[in-house]
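Please find below a short note on this entry, written for a colleague who has not seen it before. The points follow the display of the sequence and structure.

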Amino acid sequence: MEQILLSKYARKIFFFISGVLFILILFIRLLLVPKVSIYLNQELIIIFNTILDAILSTGVSTVIIASLAFWLTPRVVKKSQMDIINPKEIKDYLEKARDTDEYWFAGGTGRFTRSKTIPKLATDARFSNFSKKIVLILINPDNDGVCSSYVKYRNRIRSGNKKTWDHKKIKKEILATIVSAYSWKKEQPLLEVTIGLIDHYSMFRIDLSTNLVVITKEDTSEPALMCEKETFFFKSYLEDLRLSLSQSNILTKDIEGILFNELNGAKIREFITSLGLNISLLDDDDFNDIAELVKKGENPYGY
């Protein structure tokens, strides 16, 4: 019961189904039974009414007691644990996380972050006239061993059946996220961008803002984990992200990005080279592909 009430999505379904059942029982008890009682044995009617009354009273009492216990439980107690998020709720929690002044992301290529999170923070910075900070921790595209291992992992999981990944695709997706972040920084100077490249990958993606942290996996049909700020787990994840950033190759902030209306393959080649990243694997068509990835900003998960 506690796990049902902790989930906003499950809680809505629980109260809806409970309400429908209680109304149905009342309908049978007060309207249907009196009409058919003239055709049935009165002893059976009494037994049937007793059963209905017991079900109704027990059900209502259980729901009320469980609800009171949930809502009267101190928030500090409820916050002391990780919450499991239904896949249908992930979008809502990620939207809530994006309403922040500081955002950390650690994952693979940052496709979703490129399409949703960075544009949201950049826009908020512009209209609020306050600075916003985003930190991205991505796979190092220059580490061929890690990229090759990540390719194998992506092609091995369920979502890999939809689209085959290769070394070039991984590299282009990461570079597209880097280019996009610098371009948004160029467009919106109040957006602070820090990018660290790490020489390992994880099956988990961490999205952490000033109010909560959401841990997801690549497969959108799988549940996620969430914990709110001022908890042991939130602080632990934040400290772990800071530790990962300190061990990463942090890209320079001295180089300006490319305005979106000026994006093209040639400028992206020059920009990526200026960051000191290896481009030997890529040709002109690949840089044009990166430009398209940045311009389209497609959301790969539909959140």
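Between which two helices does the loop with tryptophan 165 lie?

1. Tryptophan 165. The model is a predicted one. Tryptophan 165 belongs to the loop that lies between helix H7 (144–156) and helix H8 (167–187).

2. Surroundings of tryptophan 165. Leaving out residues up to four places away in sequence, tryptophan 165 touches Thr109, Arg111, Val151, Arg154, Asn155, Ile170 and Glu173. For one of these, asparagine 155, the C-alpha atom is separated from that of tryptophan 165 by 6.2 Å, with the two residues 10 apart along the chain.

3. Overall form. The protein chain contains 11 helices and eight strands. Its radius of gyration is 26 Å, well over the 19 Å that the globule rule gives for 303 residues, so the chain is more spread out than a compact globule. Along the principal axes, the C-alpha atoms fill a box of roughly 90 × 40 × 35 Å.

4. Buried residues make up 44% of the 303 in the protein chain. The chain exposes about 16400 Å², and 58% of that area is supplied by carbon and sulfur atoms. Among contacts with a separation of 6 or more, 71% are between residues 24 or more positions apart.

5. The sheet. In what order do the eight strands form the sheet? The order is E1-E7-E6-E5-E2-E3-E4-E8, in an open sheet with mixed pairing. E1 and strand E8 (249–250) stand at the edges; each has a single partner strand, so one side of each is left without a neighbour in the sheet.

6. Strand E3. Is strand E3 (residues 132–139) largely enclosed or left open? Seven of its eight residues are buried, so E3 is largely enclosed by the rest of the structure. Strand E2 (residues 102–106) runs parallel to E3 and is joined to it by five bridges, with phenylalanine 105 opposite leucine 136 in E3. Strand E4 (residues 191–198) also pairs with E3 in the parallel sense, over eight bridges. In this pairing isoleucine 137 has glycine 196 of E4 as its bridge partner, while isoleucine 139 stands opposite isoleucine 198 in E4.

7. The crossover. E2, helix H6 (residues 111–128) and E3 together make a β-α-β unit, and this unit is right-handed.

8. Helix H5. In helix H5 (residues 90–97), the buried residues are Ile90, Tyr93, Leu94 and Ala97. They cover an arc of only 100° around the axis, and therefore lie on the same side of H5. The elements against which the buried residues of H5 pack are strand E1 (83–85), E2, H6, strand E5 (204–208), strand E6 (212–217) and strand E7 (224–228).

9. Lysine 172. Is lysine 172 buried or exposed? This residue of helix H8 is buried, because its relative accessible area is 15%, and the limit for a buried residue is under 20%. Apart from neighbours within four places in sequence, lysine 172 is in contact with Leu282, Asp286, Asp289, Ile290 and Leu293.

Note on methods: Residues are numbered from 1 along each chain as its sequence is written. This is a predicted model: local features need pLDDT of at least 70, side-chain atom pairs count only at pLDDT 80 or more; totals for chains, interfaces and linings use all residues. Side-chain values use heavy atoms; hydrogens and water are left out. Helices (H or I, at least four residues) and strands (E, at least two) are DSSP runs, numbered from the N terminus. Contact means heavy atoms within 4.5 Å. Buried means under 20% relative accessible area, exposed over 50%, partly exposed in between (1.4 Å probe, protein chains only). Two strands pair if DSSP finds at least two bridges between them. A crossover is right-handed if, with the strands pointing away from the viewer, the path from the first strand over the helix to the second runs clockwise. The arc is that of the directions from the helix axis to the C-beta atoms. The radius of gyration is taken over C-alpha atoms; the globule rule is 2.2 Å times the number of residues to the power 0.38. Accessible areas come from the Shrake-Rupley method with a 1.4 Å probe; for residues, only the protein chains shown count as cover.
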